[in-house]
Structures are given as structure tokens and as C-alpha cells.
Amino acid sequence: MKPVLVLVMCFLCAHVFGQWSLTGMVTDQNGKPIIGATLQEKENLTNGTITDADGRFSLRLSDQSNAVVITYTGFTTKEVPVSKGTKDITIVLEESTALLSEVLVIGYGSTSRKMSTDNVAKLTADDVSNIAVSNFQSTMSGKAAGVRINQVSGKVDGAINIQIRGTASLSAGKDPLYVLDGMPLINVDESNNGAPMNPLLSLSPSEIESIDILKDASSAAIYGARGANGVILITTKKGKAGQPNISLNMSTGISSPTHLQSFLNATEYKELFTEAAINSFGQDDGIAEIEADFDFLSNGTDWRNNAVNTDWNNLAFRDGHQSDLDLSVSGGDLKTQYYIGGSLNKTKGILLGNQLERMGARINLNHQLSSRINAGMNLGISKTKIERVDNDNSFTSPLETIGQSPLSPAYNDDGSINPNTLYPNFLLEDKYANYTTRVRRVTGKIFAQYNFINDFRFNSDLGYDLSDQTEDQYRGTQTPFMSTNGYAYNSHATSENYIWSNYVTYEKSFAQASSLNVVVGQEFNNSDRVFTSVTGTQFPSDDFQSISSAAEITAGEGSKGTYNFLSYFARASVNLKGKYFIKGSVRRDGSSRFGIDERYGIFPAVSLGWILSEESFLKDNSTLSFLKIRGSYGQLGNSEIGNFASKTLYNGVSYNKIAGIKLEQPGNNSLTWEKSKQLDLGLEFGLFNDILSGELDVYTKNTDGLLFNVPLPGSSGQSSFNKNIGSLESKGVELVLESKNVSTKNMTWTTSFNIAKNTNKIKSLPNGNADIISSENINRIGETVNSFYLVEFAGADPANGDALYYKDGVGSETTNNYDEANRVIAGSTQPTLISGLTNEVSYKGIALSFTFVGEWGASIYNGAGVYQSSSADFFDNQTRDQLDRWQNPGDITQVPQARLYGQNGNAQSTRYLQKADFIRLRNVMLSYTLPKSITQKVNISNARIFISGVNLLTFTEYTGYDPEARADFGNYATDHGWSFYSAPQAKTTSVGINVNF
């Protein structure tokens with residue numbers, strides 16, 4: 001026994017005396033301690049520690065240790081040589097140069113900005129946090145070159161249109177692919193009230209750590225058939241090794257419309273319409289006609305003495321309110337890191353009856369099971385409840401109320417709502433109807449990484465996305481057009497997305513700063529959707545609003561759908577001497593959506609980069625601190641054509657109550673994805689030690705195989721079938737500039753500016769390249785997508801006040817006969833130039849940041865103009881510019897003579913087309929960080945108070961509600977450039993506090 005004990009004691013002594021303690025402090029370049037920096041033994045990275053609240057550390061090292069590695073986010077990783085006995089050292093970390101060291105997420109991996117050969121725009125949590133909007137997409141506006149972000153309208157649930165480098169399709173999906181922590185998200189609009197809704201409302205900006213936008217083919221090709229419209233990679237917040245950090249953020253704010261149109265008051269209304277009646281019917285008959293009409297509109301009130309002067313515009317809008325609360329706890333050690341967070345958003349919209357409430361929670365865990373195995377999970381859950389209003393094309397939409405006459409009272413003398421108005425009184429819909437949408441969302445992923453031999457690692461990720469949406473509508477007996485004793489509609493849409501990714505990464509560093517990175521993998525994606533709906537009428541009373549109380553079930557619908565992808569992908573990146581870079585990638589996608597003859601597609605890309613500033617002829621240049629050229633070429637696909645576009649479809653029908661089937665759609669076994677071939681050439685530079693840095697890119701995108709419905713002969717029994725035919729070209733230039741204007745111990749000032757030009761041109765179309773005309777839009781060879789196609793308005797005839805039109809466009813002969821005038825290309829629905837400018841200034845504890853956005857080149861057609869600016873053709877209240885109408889011979893004006901029922905100038909023409917150029921102060925924030933001498937007394941590590949604003953200023957010559965608002969119904973909700981009683985965006989002012997413990 002004694003010999004064994006002696007051996008054990010000798011072993012323990014050898015072990016103890018074979019180690020020693022390194023102590024010291026980690027600081028930044030200004031001498032401030034860095035809390036939570038990670039120190040690891042170079043020879044054994046599993047042995048490490050973290051600096052404490054004073055930046056100090058103590059690390060046990062083996063006698064053989066000769067270096068430690070220090071890492072901290074935002075600072076350059078540093079390796080410090082050590083030897084046994086070294087004590088109380090001070091290690092100074094240098095801030096990383098954003099241009100060179102910024103980490104970019106690129107899909108199945110990451111890279112540094114310096115080594116990247118792709119065009120990737122990156123936003124951080126600071127870019128998207130504390131901005132008073134209900135969706136995360138709007139926080140990106142103006143902060144990435146070539147990325148256009150617009151909310152369709154000021155409704156809290158309004159759809160978001162995002163274009164990355166313009167449009168790449170005419171009829172297939174136009175949205176980018178959203179990827180959350182490596183998992184493609186369900187992004188399907190399940191709205192059934194005629195207006196699209198933002199499917200990603202469920203994701204809170206407070207959860208987001210970074211957003212990487214893949215803009216060129218080289219970066220997006222790893223996503224193959226789904227990358228043609230660009231890819232947005234969202235990374236959620238993770239825990240970091242160190243002391244637990246508790247973060248609390250609270251804000252509250254008020255909202256109002258960015259702009260209100262001006263309409264006539266009661267006196268002006270009577271004057272204009274009396275004149276219009278006289279012009280149409282003569283003095284006596286006109287007076288008799290209009291007085292009878294005024295009697296009807298005023299509903300028995302004394303219109304002669306202006307007893308009523310209703311501002312319907314004011315009734316449709318209200319003061320909005322928004323409150324945000326999020327609380328998170330994060331931390332961990334070198335083996336386990338965690339992030340747990342919850343958020344609550346309540347938004348009362350600026351439109352009466354429109355509001356949103358969202359609750360969400362997230363748990364992200366990561367654990368080092370052994371020196372070779374790492375595993376974890378990400379889980380996000382949310383519940384969103386939205387009180388919605390009708391789409392813009394509904395008489396009961398709040399903004400259609402602006403068509404009501406100011407002579408009509410909104411309420412009766414007894415306080416009840418007046419139902420006897422020119423159009424249905426939307427206040428009845430607001431009081432006696434409801435439309436509630438509830439969205440329950442679960443996103444999750446479990447993952448594992450196995451480092452099976454040196455330089456090799458294997459990753460397996462299993463992701464899940466559930467979107468469960470219900471819609472419950474009830475319209476009571478007193479709502480407009482109600483003849484069925486109540487109406488109820490319920491729908492339920494459930495979509496589930498499973499994705500399993502397996503890939504191997506080989507990463508090897510060589511001499512002379514060279515390296516090789518290779519990724520090879522496989523992925524399977526399956527998505528299921530189930531939809532049911534039911535409609536009922538005849539309710540006993542409005543107290544019974546459940547569909548089960550309906551005496552008659554009038555409609556029902558049910559459908560199921562599935563699609564899947566099977567994919568194989570590979571990417572290789574070569575870095576030679578830290579200055580020459582080559583990358584190639586390829587993805588083979590197979591999808592159930594496409595014809596059996598074209599089910600698989602291959603999507604390759606290649607890119608090159610050269611850092612000229614590392615060459616001897618530039619390396620010591622005092623002016624040019626960084627210079628890199630890069631280029632890429634690749635092919636991407638667009639698979640968003642619906643699940644059954646290639647299939648032969650049948651539907652069950654009833655023949656005199658006998659079941660049968662009917663052919664609904666002929667199939668096309670050759671139908672495949674739209675393909676986009678893209679070329680990008682870029683220049684990255686830094687001047688004066690990167691005080692000024694930037695990027696310049698030029699690109700072309702050629703998309704062919706555009707999806708169209710092609711007519712079939714009548715003898716076939718079907719009208720059309722889906723076919724890949726047509727092509728489109730987009731070209732553009734992007735410039736990004738970043739400057740460090742001031743950088744001292746007490747003050748910093750940085751500026752970021754981006755501007756992008758994009759044009760597109762249709763190269764070919766089906767049916768012998770025939771024009772495709774849809775209402776006021778046209779797709780024509782050589783023209784931009786959905787160009788405006790209108791008769792040119794020429795103003796009022798000075799002689800008699802007739803509306804004049806150019807027969808063949810501006811400058812040609814005019815006519816007062818609309819039918820003699822030909823339609824011409826009159827404008828574009830899309831801007832040719834977009835820009836963003838961000839400034840951030842801080843002095844000691846005070847900080848100011850603001851972002852301006854701008855667009856130029858697009859036009860908006862006011863579809864409501866034929867009613868509200870109609871030269872008093874009908875009794876809709878008129879915009880104030882109608883007071884400038886022609887009245888006497890010799891008058892020069894753009895407003896024809898007012899003529900009741902006269903249709904004098906209210907035909908569809910460029911009279912209702914306006915330029916939509918604007919500059920808008922998208923967001924601004926003024927904050928103050930409390931001194932440490934105050935916060936530390938109450939055990940708070942950091943506290944900041946702030947006041948912020950969204951859309952506070954708009955500079956534009958557009959006279960409608962909002963140069964960004966578009967109609968939200970039918971095809972007009974995409975890129976047709978229409979406005980139709982469309983709500984303006986909200987401008988919001990908020991105050992809040994951020995506290996970290």
C-alpha cells in the first residue's frame with residue numbers, strides 16, 4: 001500500500017509543479033480594461049479563462065507553454081509569447097479595421113472582408129436596434145448599397161417589398177431568400193383580406209446579431225435555385241464566454257402620418273360643385289340639380305349655413321402609439337454559452353382599427369462536449385396578433401372615406417353613426433366588424449460539429465420552421481352592404497419546413513499567409529402546407545360571432561401541398577500569400593416544383609480577388625492603405641413559381657350532385673427555373689490608413705426562361721399553359737464610401753454613404769414578342785419592366801376649358817377627344833437611383849446618429865385621381881388643386897373646367913402620374929450614456945437613455961400621401977407603381993432606455 005501511495009503523491013506533485021499561473025490585465029489602446037476577453041493556451045485551446053470586470057485574469061499554464069491567444073469581438077486577435085514565471089503583464093488589444101477584419105457570413109461558413117471575393121453588405125445589431133418599427137426589414141433601409149426596401153403602406157401589417165439590385169423576374173417570385181441561422185425561412189403571404197401581409201412580422205429586431213446581404217452570383221450561388229433575387233442571412237444573438245450579462249431595453253413612442261393630403265372644406269365644396277352643375281346644366285337647372293344633391297348629402301342638416309363640415313381625412317387617421325420591451329440574459333464559459341431573451345411589441349397604428357401585438361422568446365445554446373465535438377440549439381417562438389383593416393380597394397377601407405362629402409355628417413345628432421353617406425360609412429365597419437389575424441411561429445435548429453481530424457470538421461444541422469396562421473372575420477348586421485344577418489369567415493393555414501444539412505469543411509493554413517478552405521455538402525428540404533377555410537351567414541345576433549353560430553354555411557375550402565428540394569453543393573476558396581484569392585462554388589438542386597424532364601439544375605460561380613496594396617509597388621504607400629480588385633460570374637435560379645406550375649391539375653366538380661373531375665391546368669414536363677447569369681466587377685479601397693474607404697461595383701444580370709402563361713388553341717379545351725419564355729437584362733453601378741471624420745479619445749464621427757444606379761430592359765417576350773398590357777402598365781421589348789403606358793395629358797384648353805391630350809406624346813398635336821390620343825411610354829415604376837447616408841457622432845457620453853434615404857426616377861400613378869381630382873365629375877370630395885380650375889377664356893391651367901358628370905379630363909392619363917422622387921430622414925437617435933461613476937454604484941455596467949425618430953422629415957414634390965406608399969391589392973401590391981387610397985407611412989418619436997447589468 002505504501003509504495004502505491006508514494007507513487008500517487010509523486011504524480012500529483014509532478015502535475016502541480018508542472019504548472020504555473022500567468023496573471024495580468026487586458027486593455028484597449030486607450031488603457032480602458034476589456035471585460036470578457038478570452039485568453040487561451042496556444043498549445044491547448046481548451047485551457048482558457050476570461051477577463052473579469054476590471055479586465056484582469058489569472059490563467060494556469062503548463063511548463064511547456066510559450067504563448068497565449070487573446071480574442072475579443074471588435075479587436076484584432078493577438079498572440080503573446082510567455083515564459084514560466086511571467087507575471088502581471090498588460091496586454092493591449094488593437095481595434096480591428098472594419099474594412100479588413102469584419103467577419104462576413106456567406107452560407108455554410110464565413111470569411112473576412114479582406115479575403116472576400118464577393119459583394120456582401122453587412123449590418124450589425126447596432127444598425128437594426130432601437131428603431132421604432134414593427135418589422136426588422138425596415139431597419140435595413142438606406143444602409144446597404146443597391147438594396148431597396150419599401151413598406152407597401154402605413155398599415156402595421158403592410159407587406160414589405162425588397163429589391164436587391166433591381167428586379168430579376170416578371171412573373172415569378174421577386175423576394176430575396178431569407179435564411180435564419182442557416183435555415184431558409186417560410187416567406188409566404190397567407191393573407192385573405194385582399195391585402196398582402198408581411199410574413200416575417202414574427203421576427204423581432206431585438207433578436208438579431210447581424211444581417212449579411214448576398215448581392216452577387218458568387219456569394220449567392222451556394223443557394224443555387226433560390227438565389228436569383230439575392231439572399232439575406234440573419235444571425236441571431238448568441239452568448240459569449242464571460243460574466244452573465246442582463247440586458248433590458250424599453251421604449252415608448254407616438255406616431256402620426258408622414259403627410260396628409262388636403263381636401264375641400266364645406267364652403268369650397270359647395271362653390272366648386274355648384275359651378276360644375278351650372279357648367280353642365282345651365283344656371284337654373286344646375287342650381288336645382290345641385291341643391292337636391294346637397295340635400296341628400298347633408299342628411300337633413302342645414303348645409304346652406306354650413307351646419308356640417310366633416311373632415312373625413314381626420315376621422316380615418318389617429319395618433320398611433322408604439323411600445324417595445326425586451327429582456328435578455330447571456331453569458332457562459334469556454335465550454336457552454338447561452339442566450340435567453342424575450343420581447344414584447346405593441347403598435348397602435350395610425351389608421352383607425354389597425355394595431356399589432358407581438359410576443360417572442362429565444363433560446364440559443366452552444367456546448368463544447370469534448371475537445372472534438374461541439375453541439376447546440378437555437379429556438380425562437382413568437383405569437384403575433386393583428387387587428388386588420390380592409391384592403392385599399394374596399395369601400396370600407398379607412399382611407400376610401402376621404403371620398404365622402406364634407407356636407408355629410410359622420411354621426412347623427414344622437415351620437416349614432418350616420419349610414420346615409422355618399423359611400424358606405426367606414427365607421428360602421430370599424431364599430432361592428434373585426435378582422436383578427438394570429439400568427440404563431442416556431443423556428444428552431446439543432447446542430448453538431450465534429451472535428452474528426454486536424455483541419456477537417458463535419459457539421460450536421462437539422463432545422464424546423466412552423467408558421468401557423470388563423471384569420472377570424474366577423475361583419476355585423478349594421479355593417480355596410482350587409483343583407484345576411486351577419487357574416488363570418490375563418491381560415492387556418494399551417495406551413496412546416498424541415499431542412500437537414502450535412503457538410504464537411506477542410507480548412508488549412510500554409511506558409512506565407514496562404515490558406516485553403518473547402519466545403520462539400522448535401523441538403524434536403526421538405527415543406528408542407530395545409531389550408532382550410534369556412535364562411536357562414538345568418539347569425540342570431542351580433543353577440544354570436546363564432547362560425548358555429550351561423551345558420552347557413554355558404555362556402556368552404558381545403559387544400560394540401562408539399563414541395564421539396566434535394567441539393568448537393570461545394571465551394572473552394574484559395575488564399576495565396578494573403579493577396580491572391582480564388583473561389584469557386586457549385587450547387588445542384590432538384591425540386592418537385594419543376595417538370596420531370598427538367599427537375600435538376602446546376603448553378604456554378606467563380607470569383608477572383610487581388611489585393612494590390614500588398615504588392616511591393618504599393619505596400620508602403622502612405623496614401624493608398626488598401627486596394628483590392630475582384631470579379632465574379634455565376635448562374636443563379638428562381639424557383640418561386642408555385643408548387644404546381646408544371647403539373648397537370650384536376651379538380652373535383654359536381655354534375656347535378658354527381659361527383660366528377662375536371663382538367664384545371666395542362667402540365668409542362670419541361671418547365672424549369674428562371675435562370676439569372678450575373679457578372680460583377682468590384683474595387684475596394686482605403687485611403688490615409690483607412691480614414692476614407694469604400695467600394696465601387698458594376699454588374700449585369702441577364703435572366704432568361706421567364707415564366708409566362710402562353711395561350712393554347714381553343715381546340716385544346718384549355719386557354720393557356722405555363723412555359724419558360726422571355727428574357728430580361730439589368731445593369732447597375734454601386735458606390736459605398738466610409739469615412740472616419742474624427743477619432744479622438746473623447747469624440748468620434750463616422751460617415752457612411754451609398755448610392756446605386758439600376759436600369760432594366762426587357763429582351764424578349766412570348767407570342768412573338770408582343771406587348772403585354774395590363775391597365776396602365778406595359779411590358780415591351782427594349783423598355784423597363786411594367787412601364788407606365790398612358791395618354792399624355794396636355795392641360796386645359798385656354799379657350800373653353802376642355803381637357804386636352806397629346807395625340808402622340810408630348811410635343812405632338814393636341815385634341816380634346818380622348819379616343820384620338822395614343823398611349824405612350826410615360827414613366828417607370830422603379831427608381832433608377834437609390835441612396836443612403838448615415839452619420840454617427842459621439843462626444844464623451846452623448847451620441848447622435850441619423851440615416852437619410854433617397855430615391856429618384858420612379859413615378860406613381862394615382863388610381864384614385866379619377867375620383868378625387870376629377871374636375872368635379874362626381875361628388876367625391878376633391879383635392880385642393882381643383883380650385884385652380886379653368887373658369888374664364890384665357891386661363892392657363894392644368895385643371896380643366898369643372899363639369900358635373902361631364903368627364904372633362906378624368907380619363908386615365910398622365911394627369912394622374914407624378915414623379916415619386918424623395919429624400920427622407922429614415923431614422924435619427926440622440927442618446928446619453930451615464931458615467932460609470934454613477935452606474936457602478938447601483939451595480940449597473942452600462943446605462944443609456946435615448947430619444948429616436950422614424951420618418952420625421954420628407955423632402956418631395958409628390959403631392960399624394962406618401963412617395964413610398966403603393967396600392968395593396970391584387971397585382972398592384974407588387975411593382976405596378978399604383979397608389980389607390982394608400983396609407984402613408986407613420987412618423988414616430990420614441991424615448992427609451994438601455995440597461996446592462
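In the predicted model, Ala225 is classed as buried, its relative accessibility being 0%. This residue belongs to the loop that runs between helix H4 (217–220) and strand S16 (231–236). Although 448 residues separate Ala225 from Trp673 along the chain, the C-alpha atoms of the two residues are 7.2 Å apart.

The UniProt record, an unreviewed entry, assigns residues 116–231 to the feature "domain: TonB-dependent receptor plug".

Most residues other than glycine have a negative phi. Asp181 is located in the loop between strand S13 (177–180) and strand S14 (183–184), and it counts as buried because its relative accessibility of 12% falls under the 20% limit. A positive phi, near 55°, is likewise found at Asn485, a residue other than glycine. The loop between strand S23 (456–475) and strand S24 (487–510) contains Asn485. With a relative accessibility of 42%, Asn485 is partly exposed, since this value lies between the limits of 20% and 50%.

The model contains 11 cavities of 30 Å³ or more, and the largest cavity holds about 340 Å³ of space. Its lining comprises 29 residues, of which Ala132, Val133, Ser134, Gln151 and Ala986 are the closest to the cavity centre. Two or more lining residues are given by each of strand S11 (147–151), strand S18 (320–332), strand S19 (336–348), strand S49 (918–929), strand S50 (942–956) and strand S52 (986–996). The largest share of this lining is that of S11, which supplies three residues.

On the surface, a nonpolar patch is formed by Val606, Tyr633, Leu679, Leu681, Leu696, Val698 and Val733. Together these residues present about 550 Å² of accessible area. Strand S32 (674–687) and strand S33 (692–704) are the elements that contribute two or more residues to the patch. Leu679, one of the patch residues, lies in strand S32. Its relative accessible area is 37%, so Leu679 is classed as partly exposed.

How values were computed. Residues are numbered from 1 along each chain as its sequence is written. This is a predicted model: local features need pLDDT of at least 70, side-chain atom pairs count only at pLDDT 80 or more; totals for chains, interfaces and linings use all residues. Side-chain values use heavy atoms; hydrogens and water are left out. Patches are made of residues with over 30% relative accessible area and no salt bridge: like charges are joined within 9 Å, nonpolar side chains (Val, Leu, Ile, Met, Phe, Trp, Tyr) within 5 Å. Accessible areas come from the Shrake-Rupley method with a 1.4 Å probe; for residues, only the protein chains shown count as cover. A salt bridge is a side-chain nitrogen of Lys or Arg within 4 Å of a carboxyl oxygen of Asp or Glu. Helices (H or I, at least four residues) and strands (E, at least two) are DSSP runs, numbered from the N terminus. Buried means under 20% relative accessible area, exposed over 50%, partly exposed in between (1.4 Å probe, protein chains only). UniProt positions are given in the numbering used here, feature names are shortened, and annotations may be inferred rather than shown by experiment. On a 1 Å grid over the protein atoms alone, a cavity is a set of points where a 1.4 Å probe fits but cannot get out, and a pocket is an open set with protein on both sides within 12 Å along at least five of seven lines; lining residues have an atom within 4 Å of a point. Grid points are joined across faces, edges and corners, and a volume is the space filled by probe spheres set on the points.
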